Amino acid sequence: MTYKHLFFDLDHTLWDFEANAKETFQALHTQHALHEKGIEDFDEFFNRYSFHNTRLWDRYTKGYIKQDELRWKRIWLTLLDFKLADEVLAKDMSAQFLEGLPNRKKLFPYTTEILEYLTQKKYVLHLITNGFDSVQHSKLKHSNLTGYFKEVITSEKCGSLKPQKEIFEFALRATNADVKESIMIGDNIEADIKGAMAAGLDTIFVNHINAETDVQPTYTIYHLKELENIF
């Protein structure tokens, strides 16, 4: 298959969300002196946040909750796990987290190198992401990735979320890309792989964490450098 348009996911695929989120929360944990409020174990605090964030993002992508609710409730529920019922603190931390997170720069190994490689080979690179528009563009800017992508398709921009096929169809129209010469590259089986497959795209599952799945993407890789074996 000859591909022309390569559609990447951003968070957890190229931009290391977990590492960047942990750095941001570490700063907030110190800033708000959470150790004095009964939250002494930062790693436990971050693990609880990750649990609630994953669960609420799933509800958000399925349309059960709105964007604003996702943003602050993931922190509110984390604080409640430590018997800290402080809605004002949760909303303050949410705003500060969203302000600080996009400034972080940690990428998965070989991210810049593979984007440079693909650009040199004349592939047209785009992003399809469920992240918030301003936040995602800020992440790209601070990690020096903006110049690699011709189009950045966010769920906020098109009014649809992965895995809904509408966001992929929107992306194809926005980029004037033929589905037969396009491929989706992402880490999330449900959102990236199943969603793209439903829209008729070939897929590359970036399995950073060696997860098991019954889904059969077009390709599976375990490190971004392996893209050189495909393109």
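Which residue stands opposite Phe 7 in E4? The legends below, which describe a predicted model, take up this question in the second view.

**View 1. The open sheet and its strand order.** Six strands make up an open sheet, and they are arranged in the order E3-E2-E1-E4-E5-E6 with parallel pairing. At its edges are strand E3, which covers residues 151-154, and strand E6, which covers residues 219-221, and each of these pairs on one side only. Ignoring direction, neighbouring strands of this sheet are turned against each other by 20° on average. Strands of a sheet pair through backbone hydrogen bonds, in either a parallel or an antiparallel manner.

**View 2. The pairing of E1 with E4.** Strand E4, formed by residues 182-186, runs parallel to E1 and is joined to E1 by 4 bridges. The residue that stands opposite Phe 7 is Met 184 in E4.

View 3. In helix H5, which spans residues 111-120, the buried residues are Thr 111, Ile 114, Leu 115 and Leu 118. These residues lie on the same side of H5, because they cover an arc of only 100° around the axis. An α-helix has 3.6 residues a turn, so residues three or four places apart point the same way. The buried residues of H5 pack against strand E1 (5-8) and strand E2 (124-129). Lys 122, which follows H5, has a positive phi, near 75°.

View 4. Helix H9, made of residues 189-198, lies across E4 and strand E5 (202-206), and H9 runs at about 165° to E5.

Notes:
Residues numbered from 1 in each chain as written. Predicted model: local features only at pLDDT ≥ 70, side-chain atom pairs only at ≥ 80, totals over all residues. Heavy atoms only, no water. Buried < 20%, exposed > 50% of the residue type's maximum accessible area, 1.4 Å probe, protein only. Helix = DSSP H or I, 4+ residues; strand = E, 2+ residues; numbered from the N terminus. Arc of directions from axis to C-beta. Contact = heavy atoms within 4.5 Å. Pairing = 2+ DSSP bridges. Axes fitted to C-alpha atoms, helices over the stretch in contact; angles between N-to-C directions.
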